[in-house]
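Visitor: Hi! Could you walk me through this one?
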Amino acid sequence: MTSTFPAPGPFAQARLAAGQQPSGETAISVKGLWKIFGPGEHKIIGTPLAELTRDELRLATGSNVAVRDVSFDVRPGEVFVVMGLSGSGKSTLIRCLTRLIEPTAGEVTFDGEEIGKASQARLRDLRRHRFSMVFQHFGLLPHRRVIDNVAFGLEVRGESKKARRDKAAQMLALVGLEGQEMRYPDQLSGGMQQRVGLARALAVDPDVMLFDEPFSALDPLIRRDMQNEVLRLHNEVGKTMIFITHDLAEALKLGDHVAIMRAGQIVQIGRPEEIVGAPADDYVADFVQDVPKSYVLTLGWIMREVRPGDPLDGPVYPSTTVIREAVRDVACSDSPIRIVDDGKLVGMVDRSMVLAAIAGTEPEA
Amino acid sequence: MTAAALAARPRAALRLSKTRSILLLSAVAVLLYVPANGHLTLPLDTQAPLFIALNSFRDWMIANRTAWFFVFFFTPVREGTAGLVDFVTGWLTTLGWVGIAAIAGALGLVFVTWRTGVAVAGALVLVGLLGVWDATMVTLGQMIVAVALSLVIGIPIGIWAGRSDRVQRAVTPLLDLMQIMPTYAYLVPLVLLFFIGNGTATIATMIYAIPPAIRLTALGIRGVPAETVEAASSLGSTGWQVLRKVQIPMARSTIGLAVNQTIMMALSMVVITAFVGAGGLGEVLLKALEIQDVGGSFDAGVAIVLLAMVLDRLTASASQTSDRRRPGADRVSVADRRQIRAAGLVIAIVGIGLGVTQSWAHVFPSDYSLSFADPVNALVSWLEANAVWLTSGLKDVASSWLLDPLQQVLTAAPFWLVVGYAAALALIVSGRRAATVAAIAGLAIAALGVWRPAMETLTQVLFGVLIAMVVGVAVGTWAARSSLVSQIVRPINDALQTMPAFVYLIPALALFGPTRFTAVVAAVIYAIPAVTRLVEDGVRGVSVTAIESATSSGSTAFQVIRKVQLPMARRSLLAGLNQGVVLVLAMVVVGGLVGGQALGYHVVQGLAQASDFGIGLSAALAIVLLGVVLDRITQGAGARREVKRIEDE
C-alpha cells in the first residue's frame, strides 16, 4: 500500500496529540461495548473465543459479533460521525447506545449516568426527554397525519393534544414543512418524509440526537440539501449529534470527529483532517485515497515553522482554514501565508506546500 | 469468491445424487416387493382389540358424565357455547328475513358500495327462495358464535405471537398441524369429550377456524417495519403504546384479512359439523347426499355458496376500507359518507321494523320458491341416460388403469416396506428429522389397526395429487404467460376458493355416482385452484432478465418453460405440491360419504354408529398421521432449498 500524503508536519503532530487528550467534558462516553448475536452471546467475552475473527467465531459458535470492544467519547454539542460499510456494525452500535438493542457487555455513560444500569422506566424516561433518533427509512406511521407523526414523542409522554400539536407545528416550520401538516406521509417525497422524521426527533427537545444513515435512501441532490439542513439545525439548536453513515464524504462534511468502523471495531477516531491526512492503517488509507486533500486538510495541518527571514507581508489565515479556501490568495501572493491563531504567528505555508497538497504528493523537504 | 465456488461444487454433486438416490431407493423397494408382497399387509380386523377397547372407553365416558372433568369443564363449555348459539339464532329468527336482508344490505352499502349492498341483500332473498331460510339462519347463528370466539381467542394469541419469537415458535408447529388436519378428523375426538349437539359443532368450527386468525394476525404484526417500531420505542413508548399506536393500526388490513379468512374457514367447517348434530344447511346437504339426491343437495349447496359470497363480500372489503380512512383518498366526500351512513341506518331500522312486526316479512313466505331440485334431478337422469358412455368410460379407465393397480400394489405391499420407503424418501428429500417423523407416523398408522383403509386413502390421494398437479401446472403456467388466460382463470379460482369443501361433492356425485372415483374427482377440483395459483405466482415471479436471456439465445417457448420458468419456479411448484397433497387428502376423506370408502368411510360410520366408534377414531387419527407423513415429505423439499440459499449469502 502506498503511503498517502501528507504525513503531518511537526506542528500538526503536536496539534494531533493535543486533540487526542480528553477535554474533560463528555456528553456520552462508551467503554468496551460489545454486541454478539446468537446462542453464545454471553459465553464468549473473556474467553479465547473473543480473539477470533468474525467468520471464525461464526463457524465455531454460530454467533455473530456485531460490535467488538468499542470505546469513544462524544463531547457536548459536537457532531460525532461513525462511518463504516454495511455490515460493519455501526447501526447495531447506535442502537446499543439507548438499548434499542441490548448490548452484550460494556458501559454507556450519559451525563454521568450509566445507561446499562437504568431500569426500564428510567430508560423510557431518558428516551422521552433526552435522546431521539432519526432512521434510515424514516419509520413514520402511515396511518397518521404528518403533524401527528411529529407529535408522536410528545404524545407518548402524555402531553395534551393542543400542546403537542402546537409544538409539532413549530418543528415542521423549523424543517421547512409548513402547510404539510394535514397530509399523510406517503403523500410526501422521500426528502420531505425525512424532514418529518427530523421534526419528530427535534420535537421532544432532546439533548442528544442519533442519526442512523438518515440520508442513504435519498437521491444525491436531496441528500446534499438534507446534510446542509442538519448543519443549519446544528448551528441553530446546538444539539449533540451522533451520526451513522456509510458515505465518507458525508462523514467528513458533517463530523467534528469521525470514527471509522470495520468488522465491529473502531479502527480510527479523529477529526476529518486526521482521518484523511493520517490514516491509521491501510484500510482507512484505502478509503480516503480519492478524497481531495485540499478540501479536508487545514493550513494548520501542512504549515511549517517560522524561519528567520520569512517575508511577513503574505496573507493571514487562522490554522483551521481548509487549504482550498486559501488557494486564491496563495496564487496572488509571492510571499508565504502567515498562520495566525489568537493574534500570534504560529507558522507559515508556502505556495509549493499548497500545490503539493492539491496534487496529493509529499512536499519536498 | 473462491469460497463460493468451493461451496457450490459439493452442492451440485449432492443434488445429482438426490435424484439418483430416489431412483436407487425405488429400485431397492421393487426388489424387496417381489418376494415380500402379500406378507404382513395388515388387513382390517373390525374386531381388533384396540377398537373394542376404544368402544368401551367411549361407553365409560358416556356412563361417567358426572365425573369432575365433565361437570367442571367439558359440559359447561359445551352448554355455554350452545346457549350462545341459541341466543344468536333466536335473534336472527326474531329479526325476520326482511330484517336480516336489510341489515346485510345496509352493511354492504355503508362499508363497501351500494352495489355490494344490493347484491348481498339479493343473495339472501335468493336463499329464501331456495326454501332453506331457516336452515341458513341456524348455520349463520353457529357461524357468528364460532367466528366471534375464534377472533376473541385468536387475535390476542396472534398479537402475542407477532411480538414474541418464543410464542411464535411454540405456536407454529401446532398451527401447521391444525392446518393439515382434514376437517373430519376433528369431529370424532370432540364427540368423545362434548357429545353430539349444537355446542360441539360450534366448538369444532371454532377450533378449525382459529389458525388463520392467529397466523395472519401474527403476520400483520410482524409485517410492521422494525424501524417503525424502533422509532416509537426510541421516543420512549411503552410496550402497550407501541402495540396500540403502531403495531395494531399498521397491521389493520392484515387483521381484516384474518377476519375474512376465519369466516371462510368457519363456513367450510360448519357445514361438515352436520355429522355431529349441527343442523342447518349442513344437515340438509348431508341428508340429500346420503340418499344420492343430487337435486336436493343442489339447493343447499347453492345456499351455502350464496352465504359464503355474502360473508366474503362484506368482510373482504372491510379489511381494505379500514386501512385508509382518510377523506382525500376516498372518492366519497365526508358529507356523502355521512349521508350514506344515515341511509344505511334507515334501511336497517325499517327492515328490522318490518321483519319483527309483519308476518310476511318475518317468516319467508313459502308460496314463492325457486328450487333447483327438480331440473337438476332431471339433468342428472338425462346424464345417466345419455352421457354414461363418457362418465363411466372416464371412471372405468381411471379405475382400471390407475387406481386399481396402484391400490393393488399398496395394499399388497408389506407395511414395513411402505413405511420404510416413505421414511427413506423423506430422508432424501427433507432430511433426518422429517424421516423420523414420517417413520413414526407411518408405524403409528399400522399400530392403529387401519393400515389397509389408510393404503386405500393413500391410493386416492396419490392419484388425485397427480391429476391436480398436471392440470395445475399446465393452467398455472399458461396463465402466467398469457394475461388473457390469467384474467379468465383468476376470478374462477377466487370463486372456487370461497366455496366450502362439501359443495364440491355435488357435481362429482351428479356425474359419477357414488364411487371411489367421485371422491377423487371432488378432491381434484378442490385442489386445483390453490395449485394453479401457486404455480402462476411462481412462474410470474421468474425474473424477466432470465427469460430474456434465454429467448435471446434462441430458445423456443417450450424450452423457456421447461429450462427456465419451471426450474426457477421450483419453490412455488413444491409449495403447490404440498398444498395439493393437503387439500386432496382433506377432500378424499370427505368423499367417504359418497362411496369413497377407505378412512373417510370409517370416520362417517364411527360418527353414526356406536359399535363403529373405535374404528372411526382410529381412522380419524390415521388421517392426521397420513397428512403428517405426506406434508413432511413434500414440505421439506421446498424448505430445504430455502435454507441452502440463505447459507449462500
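Visitor: What do the buried residues of α17(B) pack against?
Guide: They pack against α13 (294–316), α18 (388–412) and α23 (505–512) of chain B. Helices here are DSSP runs of H or I with at least four residues, strands are E runs of at least two, both numbered from the N terminus. This is a predicted model, where local features need pLDDT of at least 70, side-chain atom pairs count only at 80 or more, and totals for chains, interfaces and linings use all residues. Residues are numbered from 1 along each chain, chains are lettered from A, and side-chain values use heavy atoms, without hydrogens and water.
Visitor: Which residues of α17(B) are buried?
Guide: A373(B), V376(B), V380(B) and L383(B); buried means under 20% relative accessible area and exposed over 50%, with a 1.4 Å probe and protein chains only.
Visitor: Switching topic: which residues touch the most other members of the largest nonpolar core?
Guide: Y184(B), F275(B), F502(B), L505(B) and L593(B), out of 188 residues. Such a core is a set of buried Ala, Val, Leu, Ile, Met, Phe, Trp, Tyr and Cys residues joined through side-chain atoms within 4.5 Å. Helix α29 (residues 613–648) of chain B gives the most to this core, 14 residues.
Visitor: What is F502(B) in contact with?
Guide: Leaving aside neighbours within four places in sequence, its contacts (heavy atoms within 4.5 Å) include V271(B), F275(B) and L593(B).
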